[in-house]
Amino acid sequence: MSGKIPSPPMRMVKSLLLMPSLLLGQLAHALEPLPSPLTLQYALELADHAHPERSLIEADLAQARAFAEQVAADDDAHLALTAELRVIDPSDIAADDSRNDSLARLNLSKLLYDFGRTSHAQEAAEAGLTSRQWQLLQVRQQRRLDVMARFFDVLLADLEFARDNEALAIDYIRFDRARTKNELGKVSDIDMLELESTYQQSLRKMTASQNRQRITRSQLAISLNRPLDLPAELESPQFGSLGELPEIETLVEKALRENPKIRALQAELRAAKKQLQASEAEDNPVLRAELEAAAYQRRLGGRNPLTAALVIELPLYQGDRVASDIAVQRAHADRKQAELAAYELVLRQQLLDFWMELQRLKVERQGLRVTEDFRDLSLDRSRTLYELDMAADLGDSMSQIADIQLQRARNDYQIHLTHARIKALTGDLLMSPENKSE
């Protein structure tokens, strides 16, 4: 025989679940607390706020923008002032035998044409910047999908707890009644222990679902970059009609045109090819203009205060430097081409998987509606029989209703999340960088 079994916490969840953290006063930034209840719309708005994942790609974007500006400035005019304080021992035949040979020069030079080297490098830098912009869009989409998934996880965890708590209450009542009857000798020890075992299993299951409530809230808070601000209450979203998606062939065609990662890889490939062309142009001549004004302390013949020159530089020998750089850039371009082709295959399969999953979920939804109607009628019958004291399965029916509600909610959330993932893959979850992100 076991000892006394304490009564279960039943519906006492919120006060025990969301205990305030001792670290709340250590927040690095003063942020407004999350509203209660927290809505999906508000959470998705926070998905576009500061987050380490977004900060990383924004740093890469800033670096790419700075590099593009640096490359664009490489052919800017160059103006330099040179001053020399010099003391010499003049020649015996020099017209000016002074020892002070100081001078000052003002030199202006401008690259006129290098036969493609600079223009290809600039186009490569611009393509690299475009790639980072598409990567930022991809990160924003993934952040939004992650927040949506975490939000749904919290709602499902609450429904799981409600179901398991209902089942626990039923099992406890049955066990408690059997324990009382056992004391009166009306129920055997083995029957009572069986009911106690069932109750303990329900208690473990309810405890696990209660823990999941806390875990999923922590995951949602982290996805919102609010790790110490766990949302207590969430508002279940009211979904409108999603409409029918096009056929899979149409979706694949659209994704191959507008998927952010595809666009990023295409830009990276374009940058690699342009950089290859810039490397191949390293052997090309360079044409530049130079203007110089000079002032000399010693007055000697042959010194010109003003000069203008059109200079052409013809590289004659640079060793293996150019050839090795070309080989490196060609290998890089080949790798980007392979990455693009590989992701196109992955994208096709991902779209097909999500599209087929969506069809399965829609069929499942129809079955759940029928099951829910049956459970509602069964509950009404059990309630009537219970009032007539002809049956004692009212608790089971209520537990089944809680379970079907959980399944319906999970189905709805999976449908909307899968739909959002398809929109992300086809470039529709957010606007493209070319049209300005929302």
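Reader: Which residue stands opposite Glu290 in β3?
Author: Ser109 does. Before we go on, this is a predicted model, where local features need pLDDT of at least 70, side-chain atom pairs count only at pLDDT 80 or more, and totals for chains, interfaces and linings use all residues. Residues are numbered from 1 along each chain as its sequence is written, and side-chain values use heavy atoms, with hydrogens and water left out.

Reader: How many bridges join β2 to β3?
Author: Ten, and the two strands run antiparallel. Strands pair if DSSP finds at least two bridges between them. Strands here are DSSP runs of E, at least two residues, and helices are runs of H or I, at least four residues, both numbered from the N terminus.

Reader: And how do β1 and β2 pair?
Author: In the antiparallel sense, over seven bridges. Take Glu84: its bridge partner in β2 is Leu103.

Reader: Which residues make the nonpolar surface patch?
Author: Leu79, Leu81, Leu106, Leu108 and Leu291 make it, over about 490 Å². Patch residues have over 30% relative accessible area and no salt bridge; like charges are joined within 9 Å, and nonpolar side chains (Val, Leu, Ile, Met, Phe, Trp, Tyr) within 5 Å. Areas come from the Shrake-Rupley method with a 1.4 Å probe, and for residues only the protein chains shown count as cover.

Reader: Where is Leu291?
Author: Leu291 is in strand β3, residues 286-296. β1 (78-84) and β2 (103-113) each supply at least two residues of the patch.

Reader: Why does Leu291 count as partly exposed?
Author: Because its relative accessibility is 46%. Buried means under 20% relative accessible area, exposed over 50%, and partly exposed is in between (1.4 Å probe, protein chains only).

Reader: New topic. How many residues are in the largest nonpolar core?
Author: There are 26. A nonpolar core is a set of buried Ala, Val, Leu, Ile, Met, Phe, Trp, Tyr and Cys residues joined through side-chain atoms within 4.5 Å. Val147, Met148, Phe151, Phe152, Leu220, Leu224 and Leu234 touch the most other members. Two or more residues come from each of α2 (40-46), α4 (117-183) and α9 (394-425).

Reader: Which element gives the most to this core?
Author: α4, with nine residues.

Reader: What is Phe151 in contact with?
Author: Leaving aside neighbours within four places in sequence, Phe151 is in contact with Leu38, Thr39, Leu40, Ala43, Leu220, Leu234, Glu235 and Pro237. Contact means heavy atoms within 4.5 Å.

Reader: OK, charges now. How many salt bridges are there?
Author: The count is 34. A salt bridge is a side-chain nitrogen of Lys or Arg within 4 Å of a carboxyl oxygen of Asp or Glu. Arg54 and Glu58 form one, at 2.8 Å from N to O. Both lie in helix α3 (residues 52-72), four residues apart, about one turn of the helix.

Reader: Is Arg54 buried or exposed?
Author: Arg54 is buried, at 16% relative accessible area. Glu58 is partly exposed, at 33%.

Reader: What does Glu280 form a salt bridge with?
Author: With Arg330, the closest N and O atoms being 3.2 Å apart. Glu280 is in helix α7 (residues 260-280) and Arg330 in helix α8 (residues 321-387), so the pair ties together parts that are 50 residues apart in sequence.

Reader: Which residues are linked in a network of salt bridges?
Author: Glu84, Arg86, Asp101, Arg105 and Glu292 are.
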